[in-house]
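This briefing covers selected local and packing features of one protein structure. Please read it alongside the sequence and coordinates.

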Amino acid sequence: MEKRVRIGVDVGGTNTDAVLMDQGKVLAWTKQPTSADVETGVADAIRSILSQSGVSPARIASVTIGTTHFVNALVERRELDRVGVLRLASPSGEALPPLTGWPRDLVECIDRRCYLLPGGYEVDGREMASLDENALRAAAVELRDDGVTAIAITCAFSPINAEMEHRAAAIVRESHPDATITLSSEIGRIGFIERENSAILNAALTTLARRVVRSFARACAAIGVSAPLYISQNDGTLASATQAEAYPVMTMGSGPTNSMRGAAFLSGLGDAIVMDVGGTTTDIGALSSGYPRESAISADIGGVRTNFRMPDVLAIGLGGGTRVHLDPALYGATELDEAAFRIGPDSLGYRLAQEGMLFGGNTLTTSDLARLAGIVSFGSADGLPVLSSTVLAALQARMRTMLEDGVDRMKTARGAVPVLAVGGGNFLIPDDLRGVSQVIRPPHAEVANAVGAAIAQAGAQVERVISYEAMDREAAIEHVAQLAREQVLTNGGDPATLATVDIEETPLSYLPGRAVQVRVRVVADLLPPPSIGASHAA
């Protein structure tokens, strides 16, 4: 039996969306309430699409899950580990201590256990100070005795030379075998503080990542799905379950990324603006050649500056559950001043089905406005207020302006651009917007996020600092590309579908020898697993 059917799941704060796909065709899809224990909601969603389609669990080739759990944990300051921070940059790296500029409540969650130790490299790769192995062992013992198992190790300019970080990790493991270690060189880029922040955040998510990823695996096993489990990453590619447990920060932007990749796949457009309307926000991003445009600035996660790969996304406070703040005395007004009302940014979120007026509640939301305007037909109109045409038009105009301003902020050139409207609340996007050539609602737009997860590819991005005086430019780029291709194949990519999707060269004028940072990204489709009952050579 050929195993080619793929499952994509996106676990949001309100709903868990799932799709079943066979060679690009959606066989079944569902939206299920996200459960508090994660596992139940995922299992219910997968069980639903298997039941709809009649597909046997034995035919599933892969399961890919995108989740907002990790970014939500940081934003909400919950389920975070205490972290030991080992900075190898003294003496010159002591001017700005670790966790500087962090929100106080987040620092309190992860504890301030920081050690400033000798080590690090200069920008040209020369050793700045020798590693003090005895001091490192003493720090590891202190953390072990204090019960701190999540450890982040950062070394100055380790993306250029990671040797000292790896040696430090080996020493820590000798004294603290139970430690889970994050190396900054495997997370972020050259910027020291942002890279250290990224490593600390990753370490803080260690236990949560292990629990969440393993709950996904249990959910699949509970319904007989034994296919490989993948977690979608910030750049639209896949991480194995083991990789996701080790590097949860690399999956934190997977929600918007999945929606954009799904929108590109469902519409056939590679270059467009994507608007993903959920219950609380509208995420606006730009597609370039079918992939999300990567953010060129440091990403702020939970109030902390980081520099790992993240999609360039603008989130505005407009979703299907967004509250409309308007005095009931003005419902029938024939004139309405702009200062007399406000839309969002607060939202009912998952409480929409209980507290929204469409569902018998007392809170006016944007979904109620859509029903009053005849845009949607769900819910009951019996409990909706009577709004004058003036008031309804003013509220709709405000939402239109919010969306148009968002498009303008994400455009990089003049002229009208196509917009792909996806997400369960895409009905809030009008068919015509200023600066937009056309609004396209692709089929299965409501579950574009799950489609994006299902079609995700194996991928790798490799960065190296190379001297173009020591190596020819074409040979240097090919060298980095080959390293990326090898990683993709290791991650389960199909050699026949290898494709280089991005090459970036950044001159490093402060280094001698025409030094350039070369970054290459390569993707490939997943290799299908062996067919059931396949014959073997004797």
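The model is predicted. Its largest nonpolar core has 60 residues, and helix H7 (residues 206-222) gives the most to this core.

**Nonpolar cores**

- Within the largest nonpolar core, the residues that touch the most other members are Ile 46 and Ile 60.
- The contribution of helix H7 to this core is seven residues.
- Another core, of 39 residues, lies apart from the largest one and includes Leu 387, Val 391, Met 410 and Ala 421.

**Packing of H1 and H7**

- Helix H1 (residues 39-53) packs with H7 at an angle of about 35 degrees, and the two axes are 9 Å apart.
- The crossing of H1 and H7 is right-handed.
- From H1, the contact uses Glu 39, Val 42, Ala 43 and Ile 46; from H7, Ser 215, Phe 216, Arg 218, Ala 219 and Cys 220 take part.
- Six nonpolar residues, one polar residue and two charged residues make up the contact of H1 with H7.

**Helix H9**

- Helix H9 (residues 254-267) has 14 residues, which at 1.5 Å a residue should span 20 Å; the C-alpha atoms at its ends are 20 Å apart, so the two values agree.
- Because 12 of its 14 residues are buried, H9 is largely enclosed by the rest of the structure.
- Among the buried residues of H9 are Ser 254, Pro 256, Asn 258, Met 260, Arg 261 and Leu 266.
- Gly 268 follows H9 and has a positive phi, near 80 degrees.

**Cis peptide bonds**

- Ser 90 and Pro 91 are joined by a cis peptide bond with omega near 10 degrees; Pro 91 lies in the loop between strand S5 (83-90) and helix H3 (104-110).
- The bond from Gly 344 to Pro 345 is also cis, with omega near 5 degrees, and Pro 345 lies in strand S18 (residues 341-347).

- Leu 99, in the loop between S5 and H3, has a positive phi of about 70 degrees.
- The relative accessible area of Leu 99 is 3%, so this residue is buried.
- Asp 111, in the loop between H3 and strand S6 (113-118), has a positive phi near 75 degrees.
- Asp 111 counts as partly exposed because its relative accessibility is 27%.

**Asp 300**

- Asp 300 belongs to strand S14 (residues 299-301) and counts as exposed, at 53% relative accessibility.
- Asp 300 and Ala 458 are 158 residues apart along the chain, and their C-alpha atoms are separated by 26 Å.

Terms used:
Residues are numbered from 1 along each chain as its sequence is written. This is a predicted model: local features need pLDDT of at least 70, side-chain atom pairs count only at pLDDT 80 or more; totals for chains, interfaces and linings use all residues. Side-chain values use heavy atoms; hydrogens and water are left out. A nonpolar core is a set of buried Ala, Val, Leu, Ile, Met, Phe, Trp, Tyr and Cys residues joined through side-chain atoms within 4.5 Å. Buried means under 20% relative accessible area, exposed over 50%, partly exposed in between (1.4 Å probe, protein chains only). Helices (H or I, at least four residues) and strands (E, at least two) are DSSP runs, numbered from the N terminus. The expected span of a helix is 1.5 Å times one less than its number of residues. Axes are lines fitted to C-alpha atoms, for helices over the stretch in contact, and angles run from 0 to 180 degrees between N-to-C directions. A crossing is left-handed if the near helix is turned anticlockwise from the far one by less than a right angle, and right-handed if clockwise. Contact means heavy atoms within 4.5 Å. Ala, Val, Leu, Ile, Met, Phe, Trp, Tyr, Cys and Pro count as nonpolar, Asp, Glu, Lys and Arg as charged, and the others, Gly among them, as polar.
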